[in-house]
Amino acid sequence: MLFLCLIFILSNKIILGQYSSTFIGSYGNYSKKANVLFSKKDGAEETLSRREILTLTVGGIAYTKVAASALTKINRGDAYPEEHENRVSDAFERSIIEAYLSSDRDVNTPLRILEIGIGTSCRTVVRGLYDKALTKLALFSEKTTKPGIEFIGLDVDATPTKAFETARMKLMTSFPNLSISFDVIQGDIVGGLVFPDGYFDVITCSFVLCSVSDQKVAVEEIKRLLKPGGCFGWVEHVNVDLEEDVPANLVIFDMEQKLFDPLQQIVAHNCHLRRETDHIIRDIFEQDADFLESDRFFIPDMWPVSCQASGVLKVRIT
């Protein structure tokens with residue numbers, strides 16, 4: 001079976017590109033690398049290594065499952081299952097409210113929020129994943145002075161899109177009494193940002209740390225940017241940890257992660273299936289922060305990124 005699939009892929013030379021564009025169009029940023037694997041260079045076709053051929057052949061079969069799932073999500077009009085969206089909304093809400101109520105916060109400055117990897121669609125804002133938090137802040141503002149919010153979205157591709165303006169208008173019209181400013185800037189959290197130490201009250205991210213070039217450097221930069229009393233809220237897909245108390249069927253999923261991780265990195269913009277993101281966050285922050293929430297969970301409908309972790313931490317005030 002694998003041999004027949006290999007012959008089919010190599011003879012058509014475009015199957016991977018067509019397939020990966022369908023998949024990544026629903027799941028996230030598209031990797032340009034997938035487009036050039038079968039391109040021509042100097043009049044001759046580029047060759048693939050044996051490892052790449054095997055990875056693409058085996059992975060192409062298995063990722064049919066992902067494509068079918070992605071098409072289902074497109075048809076029903078959402079990007080991710082409701083359970084995942086609720087997890088993101090809850091993590092963002094608690095991180096914002098905890099930071100707002102911090103005893104060390106300067107009420108004369110706006111509440112500063114940074115979302116890492118907001119994406120050109122500004123999905124989290126447009127889909128209302130900040131609405132619960134902002135609704136609570138609006139209630140607080142009725143009893144006190146307007147808090148003011150400086151909301152910055154960070155992305156490696158910050159080319160202005162209609163979605164930026166849609167997100168801005170949503171925030172301004174839905175929460176007019178919060179005095180929200182919203183901007184999207186280009187940058188790489190691994191390369192470091194221009195903001196001074198302790199600039200932000202809140203930092204959030206969702207399905208971003210799986211793709212950064214160096215997780216430890218990225219999390220260290222997040223730590224640098226958070227002020228005392230500030231909060232970090234995240235939801236990320238992670239590797240299966242078989243040493244934890246998990247259902248027995250996750251042993252199979254662990255094998256799938258190991259098998260398809262190389263292909264995932266090729267077609268999904270450096271997305272890794274086997275990263276221990278929650279462990280890295282804890283290792284870097286545990287001496288200086290309290291973990292208000294920390295959970296691992298499994299969403300079958302999001303294969304191959306079904307194994308996920310969420311959390312909220314608060315930097316200690318010294």
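Begin by selecting D90 and K132, whose side chains are joined by a polar contact of 2.3 Å (a pair of N or O atoms within 3.5 Å; within protein, one must be able to donate a hydrogen and the other to accept it, and residues adjacent in sequence count only if both atoms are side-chain atoms). This is a predicted model, in which local features need pLDDT of at least 70 and side-chain atom pairs count only at pLDDT 80 or more, while totals for chains, interfaces and linings use all residues. Residues are numbered from 1 along each chain as its sequence is written, and side-chain values use heavy atoms, with hydrogens and water left out.

The C-alpha atoms of D90 and K132 are separated by 8.1 Å, although the two residues are 42 apart along the chain. D90 belongs to helix α6, residues 82-100 (helices are DSSP runs of H or I, at least four residues, numbered from the N terminus), and is partly exposed, with a relative accessible area of 34% (buried means under 20%, exposed over 50%, partly exposed in between, with a 1.4 Å probe and protein chains only).

Next, select α10, residues 215-225, where Q215, A218, V219, E221, I222 and L225 are buried. Seen down the axis of α10, these buried residues fall within an arc of 155°, so they line one face of the helix (the arc is that of the directions from the helix axis to the C-beta atoms).

Finally, select F182, which, leaving aside neighbours within four places in sequence, is in contact with residues including I118, F151 and L171 (heavy atoms within 4.5 Å).

Technical notes. Helices (H or I, at least four residues) and strands (E, at least two) are DSSP runs, numbered from the N terminus.
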